[in-house]
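Please look over the sequence and the fold before reading on.

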Amino acid sequence: MHDRALVQALVVAGRWLREHDYHFTAVTPATHGRVNARPGAQLAARLRDVFGWSRSFEPSLLPDPLTATLQAVGLLAPLEGGLLRSEIRFSSLEGMLFAHSAYPTTAEDAVFFGPDTHRFATLIAQELARKPLAPGARILDVGCGAGAGGLLASRHARPPTSTVLADINTRALSFARANAELAGASGVSFVQSDLFASTAGTFDLIAANPPYLNDRAGRTYRHGGGRWGEALSVRIVHEGLGRLAPGGRLVLYTGVPMSAGADPLWAALHDELTACGWPCRYREIDPDVFGEELAEPAYANVERIAAMALVVERPLP
């Protein structure tokens with residue numbers, strides 16, 4: 001399920017970066033590309049350039065032992081002229097450091113982390129401040145990617161909890177495992193699963209930040225399926241309601257393409273949620289994200305992509 005050598009290399013690199021006061025805020029791919037295209041931005045001058053901006057660098061920027069550790073698991077790519085390039089990034093969020101894939105995230109098994117992760121983290125923090133989890137609560141981060149949602153939920157929960165980080169992508173689980181170790185998290189388990197398929201039992205908090213775009217290349221971390229990428233979000237709600245413990249919550253952060261003022265995700269979920277009768281809240285977090293996607297043929301009739309939050313609560317008996 002995970003590559004032990006990869007996990008340990010990520011942990012070694014993350015701890016070394018922390019010791020050197022490393023901080024980096026992940027940006028959108030469009031912003032990343034524009035910043036790196038500026039004159040003089042092609043060669044790294046500092047650690048943020050190497051492990052944040054994914055720029056080529058002189059080997060002398062890293063100590064030999066760290067270079068050897070990363071090269072042993074294929075995390076440093078050799079370039080012309082003796083330069084190197086990191087295949088990983090490390091980004092900061094709420095005082096924690098998360099390993100994820102280097103820019104550009106073109107690989108099928110890329111592990112994504114960006115501004116959506118920050119909005120997702122804020123949503124989780126708001127929900128747990130509004131209604132804290134009870135001691136012993138079970139948390140599931142479904143489609144966990146780098147593991148930020150579940151790990152931050154566990155931290156905000158405060159009382160002892162058990163947290164399951166689940167993803168269909170085995171590389172994502174290796175990154176999530178390393179990030180859990182970097183965070184000093186306890187009570188965390190890891191499951192390779194197509195959404196809920198390989199998870200057991202019910203949960204007091206199900207958190208999900210699924211892929212929600214119609215990606216031309218069909219990359220797992222990005223492509224949500226359906227006409228506009230909404231299918232995975234619909235599946236999570238449909239399959240997730242039955243996995244909530246009494247009093248439990250499903251917290252979904254996703255993107256929704258708005259076409260002619262209509263919301264296709266709410267249209268797909270309305271009847272099921274109405275029939276269920278459980279309390280739910282659905283709101284717009286950001287009216288316009290990933291605007292560059294509107295140039296894609298799949299979004300020819302879409303006006304904007306909005307970041308949305310859905311919270312569904314199962315009542316107590």
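## Basis of the model

This is a predicted model, in which local features need pLDDT of at least 70 and side-chain atom pairs count only at pLDDT 80 or more, while totals for chains, interfaces and linings use all residues. Residues are numbered from 1 along each chain as its sequence is written, and side-chain values use heavy atoms, with hydrogens and water left out.

## The sheet

An open sheet is formed by 7 strands in the order S7-S6-S5-S8-S9-S11-S10, with mixed pairing; strands are DSSP runs (E, at least two residues) numbered from the N terminus, and two of them pair if DSSP finds at least two bridges between them. The edge strands, each pairing on one side only, are S7 (188-192) and S10, and the twist averages 20° from one strand to the next.

Strand S11 (residues 304-313) runs antiparallel to strand S9 (residues 244-258), to which 10 bridges join it, and Met258 stands opposite Arg304 in S11. Strand S10 (residues 280-286) is also antiparallel to S11, through 6 bridges, with Tyr282 opposite Leu310 in S11. In S11, 9 of the 10 residues are buried (under 20% relative accessible area, with a 1.4 Å probe and protein chains only). By contrast in direction, strand S5 (residues 138-142) pairs with strand S8 (residues 203-208) in the parallel sense over 4 bridges, and Val142 stands opposite Ala208 in S8.

## Helix packing

Helices here are DSSP runs (H or I) of at least four residues. Helix H8 (residues 231-240) packs with helix H9 (residues 264-276) at an angle of about 15°, their axes lying 10 Å apart; axes are lines fitted to C-alpha atoms, for helices over the stretch in contact, and angles run from 0 to 180 degrees between N-to-C directions. The two helices H8 and H9 are therefore roughly parallel to each other (an angle under 35 degrees).

In this packing, Ser233, Val234, Val237 and His238 of H8 meet Leu265, Ala268, Leu269, Glu272 and Leu273 of H9, where contact means heavy atoms within 4.5 Å.

## Pro115

Pro115 is placed in helix H5 (residues 115-130) and is partly exposed, with a relative accessible area of 21% (partly exposed covers values between buried and exposed, the latter being over 50%). Not counting residues up to four places away in sequence, Pro115 touches Ala26, Val27 and Thr28. The C-alpha atoms of Pro115 and Thr25 are separated by 8.5 Å, although these residues are 90 apart along the chain.

Definitions and conventions. Parallel < 35°, antiparallel > 145°, perpendicular 65-115°, else oblique.
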